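Open your viewer and get ready to click along. This tour goes from one selection to the next, with a short note on what to look for at each stop.

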Amino acid sequence: MSFSKDGAPADPGAAASRMAWAKVNLTLHCTGQRADGYHLLDSLVVRAGVGDRLDVAAADDLTLTVSGPRAEGVPTDARNLVLRAAEVLDAGAGRGAALHLEKHLPAAAGIGGGSADAAAALDLLAAHWGVPLPTETAQFGADVPVCLTRGPQRMQGVGEILTPLSALPPCHMVLVNPGVDVPTPAVFSALSDKNQPPMPEVIPSFAGFSELIDFLSAQRNDLAAPAIARGPVIGGCLEALSDAALARMSGSGATCFGLYATVAQAEAAAHRIASAAPRWWVAAAPILAA
Ligand SMILES: C[C@](O)(CO)[C@H](O)COP(=O)(O)OP(=O)(O)OC[C@H]1O[C@@H](n2ccc(N)nc2=O)[C@H](O)[C@@H]1O
Ligand SMILES: Nc1ncnc2c1ncn2[C@@H]1O[C@H](COP(=O)(O)OP(=O)(O)OP(=O)(O)O)[C@@H](O)[C@H]1O
């Protein structure tokens, strides 16, 4: 019998859902490189209120179906990070589940679309099957540990060292993806200086939006230059976000974000950009608190 998180027996026939919120690197400092080639990072990571949705229902076999506006090109076989996570969690016990993934995030886009889905699958299936979450989740991908959290985090190591931060002041984001492919491995390998300064030792609490912007403006995304060299249209995304208090690329790209003080400003910017570039993916969303 499977048990829900609170220990009460879950109704095995009940469906359940998890949101796979976008992962956005407000900063991304590359401070070194391990012998295995993975890069050491120092990153302020938040989750944005736009994401995929993963549903599960009881079934004898483990299956995955995919729908939604960003389903095209997303695999439904063992290549999908959801099924990869499910197989590892099942550990050969042969448990079944009917999984349905509703894709809203562009994949391989610097906002953890696949990684957030894998994290959602681990959380959802651990509850559905009544098994513990793995203690070591970086095996699923460098972004999966942070995608298992919700509030702002300082992410270090190769992605496995996480320090929760105090809540950020209200802040609204516009995410823009121009549809160019900048593969994460290629962007990292194109990074010329891999030993750049970290963020300040102490990340302060921010009294308000302008203090947050002042701090973030003094930080960096070290992967922006190699990503823009590979996909110059990313520069166009940043230009389109030039009315934001801060505009920057997330992760290894190509998605860029703009930070706005109010919902109205963010929604107006999103509407303007989507009208000017109808083939780009554009979303306005709040930064999620813990
Ligand atoms: C750029 C970030 O998204 C920032 O959050 C992550 O560091 C990348 O996370 P991810 O896409 O889940 O990365 P993975 O799928 O684990 O690794 C893809 C490839 O990116 C490179 N990689 C990834 C993470 C890292 N800290 N250093 C790296 O050099 C490696 O070549 C790796 O083979
Ligand atoms: N659940 C999924 N959603 C989207 N793409 C997936 C998924 N599972 C596997 N893939 C495949 O893996 C690729 C995305 O893997 P990747 O780890 O780069 O995802 P990501 O976390 O969205 O990327 P990024 O780290 O740049 O945000 C896609 O090109 C797709 O073919």
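Before the first stop, a word on labels: helices (H or I, at least four residues) and strands (E, at least two) are DSSP runs, numbered from the N terminus. Keep in mind, too, that this is a predicted model.

**Stop 1: ligand 1**

Which elements each supply at least two residues of the shell around ligand 1? They are strand S1 (16-25), strand S3 (39-57) and helix H4 (184-190). H4 gives the most, with 3 residues. In total, 16 residues surround ligand 1, and the closest are Lys-23, Asn-25, His-39, Ala-142 and Asp-143.

Now show side chains and look at the oxygen atoms of the ligand. A polar side-chain atom of Asp-143 sits 2.6 Å from an oxygen atom of ligand 1. For Lys-23, the distance from a polar side-chain atom to a ligand 1 oxygen is 3.1 Å. Asn-25 also brings a side-chain N or O atom to 3.1 Å from an oxygen atom of ligand 1. Taken alone, ligand 1 exposes 630 Å², and the protein buries 80% of that. Color the shell by class and you will find 7 nonpolar, 7 polar and 2 charged residues around ligand 1.

**Stop 2: ligand 2**

Move on to ligand 2, which is surrounded by 19 residues. The closest are Gly-110, Gly-112, Gly-113, Gly-114 and Ser-115. Helix H2 (residues 113-129) gives the most to the shell around ligand 2, with 4 residues.

A polar backbone atom of Gly-112 is 2.5 Å from an oxygen atom of ligand 2. For Gly-114, a backbone N or O atom lies 2.8 Å from a ligand 2 oxygen, and for Gly-110 the corresponding distance is 2.9 Å. Ligand 2 on its own exposes 620 Å², of which the protein buries 77%. The shell around ligand 2 has 8 nonpolar, 7 polar and 4 charged residues.

**Stop 3**

S3 and S6 pair in the antiparallel sense over 5 bridges; to locate the pairing, find Leu-44, whose bridge partner in S6 is Arg-154.

**Stop 4: the annotated ranges**

Color residues 80-141, where UniProt places "domain: GHMP kinase N-terminal" in an unreviewed entry. Over residues 80-141 the chain is 44% helix and 10% strand, with the end C-alpha atoms 12 Å apart. Then color residues 209-276, listed by UniProt (unreviewed entry) as "domain: GHMP kinase C-terminal". Over residues 209-276 the chain is 56% helix and 13% strand, and the end C-alpha atoms are 28 Å apart.

**Stop 5: Ala-229**

Finish by clicking Ala-229 in helix H6 (residues 224-230). Ala-229 counts as exposed because its relative accessibility is 65%, and the cut-off for exposed is over 50%. Draw a C-alpha to C-alpha distance to Val-187: Ala-229 and Val-187 are 42 residues apart in sequence and 9.3 Å apart in space.

Conventions: Residues are numbered from 1 along each chain as its sequence is written. Chains are lettered from A and ligands numbered from 1 in the order in which they are written. This is a predicted model: local features need pLDDT of at least 70, side-chain atom pairs count only at pLDDT 80 or more; totals for chains, interfaces and linings use all residues. Side-chain values use heavy atoms; hydrogens and water are left out. Buried means under 20% relative accessible area, exposed over 50%, partly exposed in between (1.4 Å probe, protein chains only). A residue is near a molecule or strand if one of its heavy atoms lies within 4 Å of it. A polar contact is a pair of N or O atoms within 3.5 Å; within protein, one must be able to donate a hydrogen and the other to accept it, and residues adjacent in sequence count only if both atoms are side-chain atoms. Accessible areas come from the Shrake-Rupley method with a 1.4 Å probe; for residues, only the protein chains shown count as cover. Ala, Val, Leu, Ile, Met, Phe, Trp, Tyr, Cys and Pro count as nonpolar, Asp, Glu, Lys and Arg as charged, and the others, Gly among them, as polar. UniProt positions are given in the numbering used here, feature names are shortened, and annotations may be inferred rather than shown by experiment. Two strands pair if DSSP finds at least two bridges between them.
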